[in-house]
Amino acid sequence: MTAAVIVDHVSKRYRLYHERNQSLKASLLRGRRARYEDFMALNDVSFEIKEGTAFGLIGENGSGKSTMLKCMARILRPDGGSITTRGKLSALLELGAGFHPELSGRENVYLNGAILGLSRREIDARFDEIVDFSGIEQFIDAPVKNYSSGMYVRLGFAVAINVDPAVLLIDEVLAVGDQEFQNKCTEKISQFRREGRTIVVVSHALSSVRELCDEVALIEHGRLIQVGPAIDTIDHYLTEILSIDPATLGIARRSTGEIKLQGVELMGESGVLPGATALGDSVTFRIHFDALKPVSDPVFGMSLTSSDGVLVTGTNSRDQGLSLEISTGPGWIDLVVPRLLVSPGRYHVTGTIYDTTQMAPIHEVGDLHAFEVVEGNPKTSGIMSLGGTWRAGA
Amino acid sequence: MNQLREYYERRELLSNLVLRELRSRYKRSALGWTWSLLNPLSSVLIYWVVFGVFLKVKAPIGDPSGQGNFVLFLLCALIPWNFFSNGVTQSIESLVVNAGLIRKVYFPRELLVASTIGGLLVTFMIELGVVIAILLIAGNMVLPWLPIVVLLVILQTLLVLGIGLLLSGANVYFRDVRHFVNLLMPMLFYSTPVVYPISYVPVNWQVAGRSIPLRSIYEMNPLVQLVGAYRALLYDLTFPSIGSLAYIAVWSIGLVLIGQFVFNRLDHRLAEEV
């Protein structure tokens, strides 16, 4: 497979001015040079993005990932190394960046299209599609300064996406507009992927990066820490840099796959429950798995996450000193809960199997099962019940 | 050569940016494009009253046109001068004004300088058209000279572009450049024969017993040659001297080359510094 973008030993230095000579007088008084420190925003970064794949850039704020994207977009020029791109490139860095407030939407579509490299004839051919996508037909001849910020962004996105790029660069811009428009954008990006175009994304939303991207590069302090399959890189980022246990986020990590989690059954006193149980009832979580080969002493874990993403509770089999020998073939393990004391609502089950050292995951599934808890006995407010009993004093 | 190709490839963008310039210039003003004629009209009025009436500057009789009208004499030089002056001052600002665009999108940034000048060029052509109409009414048959006027306009545009490229990048790093140019512009105006004929400049100037060849020094200013050439064509109805045209061409092409070279050097960190 050929590379759509080759980043070859790229370095970018910023000048951090202590006292900036933006006037000639200051420059003369202080000597010719302004006082500044060099700051390496990118330090010898190399990677390749294969044609037709989605590539993610992750890292903390100020790590250099946006600088990388701007270098790819040719807005910034690297001080060292080179970036080679195959085919037309379009960057969604700031939507509607070239809009002139006094001009109408129609005039701005032509202007912005031209800035992004479209000829007049190409814009003519796509004009209806652009307006249609943005959904602002009736305002297209009004000056854009009268647009709401949502309309502004929608028109900007519609133009940028219609540039017909071979490589599309996206910088967090999809977090704009209402839900309906975001869905439209997501759909358009999926379409781009199906058409075999290359997509490069900078984002903090790790779960969407994992969903969208084939490969991910992790950049920290301007250096490339890791590049490779999305799950591996995100996993490394979470554990090594953010020190977060990915299991708690419901983000699946790489797994050795010796044992596969199959699903969870909720069992009540009278057999399998149809996906709902009541607060205070006795419940057994039966975790089904399938072992490809015998595994000695693995650790099973399970956690519950509420529908708004809060980790409610987690537990594993090692905590209770359970020692297991798993033989080849299907099997199950139970977590017996005498009284389920979480408040009514919907819960998601994350299941994990780790090896005996608890370091290497064998298998993890973020959303293994979902179930409903309904009102029961006792009543409670908040996210859980203490299950206590009131008793009268003396 | 590369640069020429880039200009050619992005000519649609250039024309779009020029259109943006023109469309937005008089947006929301009641008189709109009338302003582009009212402005030179008011300066003609001022210079005519002050220099023609109060100071009694005499326009030389055009040879062979026989024209002696001070206002016509003034117009033939003032309109090109305005293009030069506005072109230089506005193109210097063109990068700083469009900082938002530079930071967010890639395109050849020279186009911002070029489109600013392009917008003014359109205005200049309209004004020049009006001047030519006035000259024709006044009996100056300028039509045969128009091809050379066009050549002169091209050379002047290159001259302005060269200065714009040279200084607009520098202005991003040192905002003083603009103020410095604003200071210099009136000096240039009065050291160019716009409101007076060149014959008012003494050939030799006696300072402390020594003779300085003032006129020769004065004529080294390419704007003197430029204004002189416009006047020869439009006012005198004669061919400007080849030497003078060549002198302008050398300055114009030289400045464009130097300007582009400097611009390329400064372009490197433009998005960070602007």
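This is a predicted model: local features need pLDDT of at least 70, side-chain atom pairs count only at pLDDT 80 or more; totals for chains, interfaces and linings use all residues.

Biologist: Let's start with helix 3 of chain A. Which of its residues are buried?

Modeller: For burial, the idea is to count neighbours, and a residue is called buried if 20 or more other C-beta atoms lie within 10 Å of its own. In helix 3 of chain A, that picks out A:Gly105, A:Glu107, A:Asn108, A:Val109, A:Tyr110, A:Leu111, A:Asn112, A:Gly113, A:Ala114 and A:Ile115. So the helix, residues 105–115, is mostly covered, with 10 of its 11 residues buried.

Biologist: And what do those buried residues pack against?

Modeller: Partners come from both chains here. Within chain A they pack against helix 4 (120–134) and helix 5 (149–161), and from chain B helix 2 (11–25) joins in. Take a look past the end of helix 3 of chain A as well: A:Gly117 follows, with a positive phi near 100 degrees.

Biologist: Now helix pairs. At what angle do helix 4 and helix 5 of chain A cross?

Modeller: With a pair, look at the distance between axes, then the angle, then the hand. These two axes come within 8 Å and cross at roughly 140 degrees, and the crossing is right-handed. On the helix 4 side of chain A you'll find A:Ile130, A:Phe133 and A:Ser134, which meet A:Arg154, A:Leu155, A:Ala158 and A:Val159 in helix 5 of chain A. By class, that contact has 5 nonpolar, 1 polar and 1 charged residues.

Biologist: How is the pair in chain B arranged, helix 7 and helix 11?

Modeller: Helix 7 (residues 146–173) and helix 11 (residues 242–267) of chain B have axes 7 Å apart and pack at an angle of about 25 degrees. Angles under 35 degrees count as roughly parallel, which is why helix 7 of chain B is described as roughly parallel to helix 11 of chain B. Their crossing is left-handed, and the contact has 20 nonpolar, 5 polar and 1 charged residues.

Biologist: Can we zoom in on one residue there?

Modeller: Pick B:Leu266, which sits in helix 11 of chain B. B:Leu266 is buried because 20 other C-beta atoms lie within 10 Å. Leaving aside residues up to four places away in sequence, B:Leu266 touches B:Gly169, B:Ala170, B:Val172 and B:Tyr173. Compare sequence with space, too: B:Leu166 is 100 residues from B:Leu266 along the chain, yet their C-alpha atoms are 9.6 Å apart.

Biologist: What about the interface? How many residues of chain B are in contact with chain A?

Modeller: Count each side separately: 21 residues of chain B are in contact with 24 residues of chain A. On the chain B side, helix 2, helix 5 (99–104) and helix 12 (270–273) each give two or more residues. Helix 2 of chain B supplies the largest share, 6 residues. By class, that side divides into 7 nonpolar, 4 polar and 10 charged.

Biologist: Last one, sheets. In what order do the 4 strands of the open sheet in chain A run?

Modeller: Strands of a sheet pair through backbone hydrogen bonds, either parallel or antiparallel. Here the order is 11-10-13-18, with antiparallel pairing. Strand 11 (271–272) and strand 18 (329–337) of chain A are the edges, each pairing on one side only. Strand 10 (residues 259–268) of chain A is joined to strand 11 of chain A by 2 bridges, and A:Gly268 has A:Gly271 as its bridge partner.

Conventions. Residues are numbered from 1 along each chain as its sequence is written. Chains are lettered from A and ligands numbered from 1 in the order in which they are written. A residue is buried if 20 or more other C-beta atoms lie within 10 Å of its own, exposed if 12 or fewer, and partly exposed in between; C-beta atoms are placed from the backbone. Two residues are in contact if their C-beta atoms, placed from the backbone, lie within 7 Å. Axes are lines fitted to C-alpha atoms, for helices over the stretch in contact, and angles run from 0 to 180 degrees between N-to-C directions. A crossing is left-handed if the near helix is turned anticlockwise from the far one by less than a right angle, and right-handed if clockwise. Ala, Val, Leu, Ile, Met, Phe, Trp, Tyr, Cys and Pro count as nonpolar, Asp, Glu, Lys and Arg as charged, and the others, Gly among them, as polar. Two strands pair if DSSP finds at least two bridges between them. Angles under 35 degrees count as roughly parallel, over 145 as roughly antiparallel, 65 to 115 as roughly perpendicular and the rest as oblique.
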